[in-house]
Amino acid sequence: MYRMFRPWYINDRLFWFSSKYKQQTKCLKVLHGFTEKIIAERKRYHESTGGRYLNFENEAEDNDTIGSRKKRLAMLDLMIAASNNNQMSDSDIREEVDTFMFEGHDTVSMALTFTILLLTEHKDVQDRVRNEVNAVMEENGGKLTMTALQNLPYLERCLKETMRLYPSVYLITRKLAENVMLREQLIIIAYYIVFVSYRFCIIAKILTRRTSQV
Ligand code: HEM
């Protein structure tokens with residue numbers, strides 16, 4: 001975030017001179033070390049079991065919780081299987097694991113934090129959510145299965161409304177490979193484009209201009 005809001009630091013060479021570069025390197029070491037440890041542990045497990053659990057046929061079925069009988073490998077196992085076939089390198093796996101761990105962790109914790117905050121502010125809504133959850137729990141003998149979780153429409157609407165008001169991912173950027181024509185007279189010049197999703201959705205007007213001026 002520090003770097004994002006200081007566009008001059010997008011340039012790696014300038015960033016090297018900033019005090020934050022050292023800090024970033026240190027943090028990345030911890031982060032990558034953690035991910036590498038997880039991958040190494042899982043690889044060791046598969047080595048010790050002779051790769052038996054990298055086989056789709058031997059994968060345990062969890063139809064009880066998911067409600068389907070589809071056999072599948074967990075994400076990390078799938079990538080380890082791909083690396084055994086030389087389809088992925090260790091650093092490819094690490095990048096994917098990093099994305100999943102940090103994408104998944106940050107977004108969900110933000111969404112849940114804001115949902116709880118809003119529920120405390122709206123007691124009537126909180127009561128409705130609680131009644132819905134209690135009713136579904138009762139129907140399922142006190143268990144929350146995956147199927148039961150899919151049957152909580154009011155809670156789902158609350159989560160979606162929270163994410164509309166306080167999006168976990170409020171900026172999405174893309175680097176355009178070529179100029180894009182939006183409507184007849186609006187052209188987006190090939191460069192970074194930013195979608196802002198905080199309570200409204202706009203395409204940043206910076207970097208845009210009318211064709212008449214081109
Ligand atoms: C409230 C929850 C979540 C929200 C709002 C959310 C939002 C998003 C958004 C907007 C993107 C697209 C970013 C872009 O294209 O620049 C994205 C991508 C991604 N998300 Fe999530 N996400 C959530 C939860 C998760 C979870 C739980 C996981 C994994 C455990 C996950 C894994 C990913 C991955 C791997 C990508 C990159 C996909 C790709 O390479 O195109 N996300 N997410």
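This is a predicted model: local features need pLDDT of at least 70, side-chain atom pairs count only at pLDDT 80 or more; totals for chains, interfaces and linings use all residues.
Helix H6 covers residues 123-139, which makes 17 residues, and the distance from its first C-alpha to its last is 24 Å. That is close to the 24 Å expected at 1.5 Å a residue. How many of the 17 residues of H6 are buried? The number is zero, so H6 lies largely in the open. Just after H6 comes glycine 141, with a positive phi of about 60 degrees.

Now step back to the whole protein chain. It has eight helices and six strands. The chain holds 214 residues, and buried residues make up 3% of them. Take the contacts in the chain with a separation of 6 or more: residues 24 or more positions apart account for 42% of these.

How do H2 and H5 pack? Their axes are 10 Å apart, and the angle is about 110 degrees. An angle of 65 to 115 degrees counts as roughly perpendicular, and H2 and H5 are therefore roughly perpendicular to each other. On the H2 side, the residues that meet H5 are His32, Thr35, Glu36, Ile38 and Ile39. Their partners in H5 are Ile93, Arg94, Val97, Asp98 and Met101. By class, this contact of H2 with H5 has five nonpolar, two polar and three charged residues.

H5 also meets helix H8, which covers residues 153-165. The axes of H5 and H8 come within 9 Å and cross at roughly 105 degrees, and these two helices are therefore roughly perpendicular to each other. Here H5 brings Ala111, Phe114, Thr115 and Leu118, while H8 brings Cys158, Leu159, Thr162 and Met163. The contact of H5 with H8 divides into six nonpolar residues, two polar and no charged.

Which residues are found around the ligand? They are Thr99, Phe100, Glu103, Gly104, Thr107, Val108, Ala111, Met163, Ser168, Val169 and Ile172. By class, the shell around the ligand has six nonpolar residues, four polar and one charged.

Finally, let's visit two loops. Leucine 54 lies in the loop between helix H2 (19-48) and helix H3 (63-66). Is leucine 54 buried, partly exposed or exposed? A residue needs 20 or more other C-beta atoms within 10 Å to be buried, and 12 or fewer to be exposed. Leucine 54 has 17 C-beta neighbours inside 10 Å, so it counts as partly exposed. Leaving out residues up to four places away in sequence, leucine 54 touches His46, Asp77, Ile80 and Ala81. With isoleucine 80, leucine 54 is 26 residues apart along the chain, and their C-alpha atoms are separated by 8.0 Å.

The other loop, between helix H4 (75-84) and H5, is the place of asparagine 86. Asparagine 86 is exposed, because 7 other C-beta atoms lie within 10 Å. What is the phi of asparagine 86? It is positive, about 60 degrees, although asparagine 86 is not a glycine. Most residues other than glycine have a negative phi.

Note on methods. Residues are numbered from 1 along each chain as its sequence is written. A residue is near a molecule or strand if its C-beta atom, placed from the backbone, lies within 6 Å of it. Ala, Val, Leu, Ile, Met, Phe, Trp, Tyr, Cys and Pro count as nonpolar, Asp, Glu, Lys and Arg as charged, and the others, Gly among them, as polar. Helices (H or I, at least four residues) and strands (E, at least two) are DSSP runs, numbered from the N terminus. The expected span of a helix is 1.5 Å times one less than its number of residues. Axes are lines fitted to C-alpha atoms, for helices over the stretch in contact, and angles run from 0 to 180 degrees between N-to-C directions. Angles under 35 degrees count as roughly parallel, over 145 as roughly antiparallel, 65 to 115 as roughly perpendicular and the rest as oblique. Two residues are in contact if their C-beta atoms, placed from the backbone, lie within 7 Å.
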